[in-house]
Amino acid sequence: MLNIRAETLIDIIGDLYTEETSIVLSDTKNYLYYRPSERIDLKIKPGDPVVEGTITAKALKLKQKVSEYIDRDVFGVPYYGMAVPYKHNGRIAGCVTAVFPALSDALSVVTVQVADGWIPMPFEDILYIEAKNRKTYVIGKNTSGTHRNSLNEFDFFLPRDRFIRCHRSFVINIHHIEAIYPNTHSTFELKMKNGAKIPVSQTHSSYFRKLLGF
């Protein structure tokens with residue numbers, strides 16, 4: 001059986017995200033390991049108790065994956081987090097948490113890189129975001145470009161009343177859906193207003209239908 005230290009495994013998980021993401025490992029009561037990022041540091045130390053009101057505490061209490069915004073009252077800085085409990089011998093034994101810096105409420109654009117510079121793209125102009133060939137592409141009404149954030153990070157940063165994860169490779173703006181068509185195996189295909197066709201995977205189809213009410 002492969003034996004990997006927890007710290008090594010968490011560092012590998014951290015490398016899946018950008019340098020702006022902090023990674024936390026805990027058991028059911030205490031933090032075990034913490035890797036702060038360049039953008040956000042919650043000042044957690046191994047051995048500190050899991051703080052009530054944190055994303056980690058909520059995931060442990062609910063015994064399921066949790067992702068949401070946590071305000072500055074808990075650690076002194078606001079952040080977006082995603083926490084996933086893990087099991088040992090059939091019981092919840094702890095949690096792995098990814099911590100992302102919160103965007104300012106005033107920030108309502110995504111600045112994409114184009115051939116000769118950068119262009120701020122308002123949220124309402126974004127049609128969809130696609131992960132392809134290890135790059136993240138932001139497709140807008142009038143322009144398109146790349147961004148350093150991963151699709152997972154966009155999934156947490158962007159407003160939930162407008163953007164939905166519909167596939168492991170796509171986050172879409174629901175305001176730019178022209179039509180929804182049934183596909184095989186309880187999946188769907190979206191026709192966007194620019195003519196692009198976006199798949200809704202089986203993993204996301206149930207949540208997608210519930211959210212859009214059909």
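Three salt bridges were found in this predicted model, a salt bridge being a side-chain nitrogen of Lys or Arg within 4 Å of a carboxyl oxygen of Asp or Glu. Local features need pLDDT of at least 70 and side-chain atom pairs count only at pLDDT 80 or more, whereas totals for chains, interfaces and linings use all residues of the predicted model. Residues are numbered from 1 along each chain as its sequence is written, and side-chain values use heavy atoms, with hydrogens and water left out.

Lys191 and Glu178 meet through their side chains at 3.3 Å, N to O. Helices (H or I, at least four residues) and strands (E, at least two) are DSSP runs, numbered from the N terminus. Lys191 is partly exposed, at 28% relative accessibility. Glu178 is also partly exposed, at 46%. Here buried means under 20% relative accessible area, exposed over 50%, and partly exposed in between (1.4 Å probe, protein chains only).

Lys141 pairs with Asp125, with the closest N and O atoms 3.5 Å apart. These two residues are 16 apart in the chain. Lys141 sits in the loop between strands E9 (135-140) and E10 (144-147), and Asp125 in the loop between E7 (117-122) and E8 (126-132). In the salt bridge of Asp41 with Lys43, the closest N and O atoms are 3.6 Å apart. Asp41 is partly exposed at 31%, while Lys43 is exposed at 62%.

Two strands pair if DSSP finds at least two bridges between them. Strand E1 (residues 22-27) is joined to E2 by four bridges. Leu25 has Tyr33 in E2 as its bridge partner.

The largest nonpolar core has 17 residues. Such a core is a set of buried Ala, Val, Leu, Ile, Met, Phe, Trp, Tyr and Cys residues joined through side-chain atoms within 4.5 Å. Val24, Leu42, Ile44, Ile55, Tyr79 and Val99 have the most contacts inside this core. At least two core residues come from each of E2 (31-35), H2 (55-62), E3 (66-70), E4 (79-88) and E5 (91-101). Helix H2 gives the most, with four residues. Another core, of 15 residues, lies apart from this one and includes Ile139, Phe188, Ile198 and Val200.
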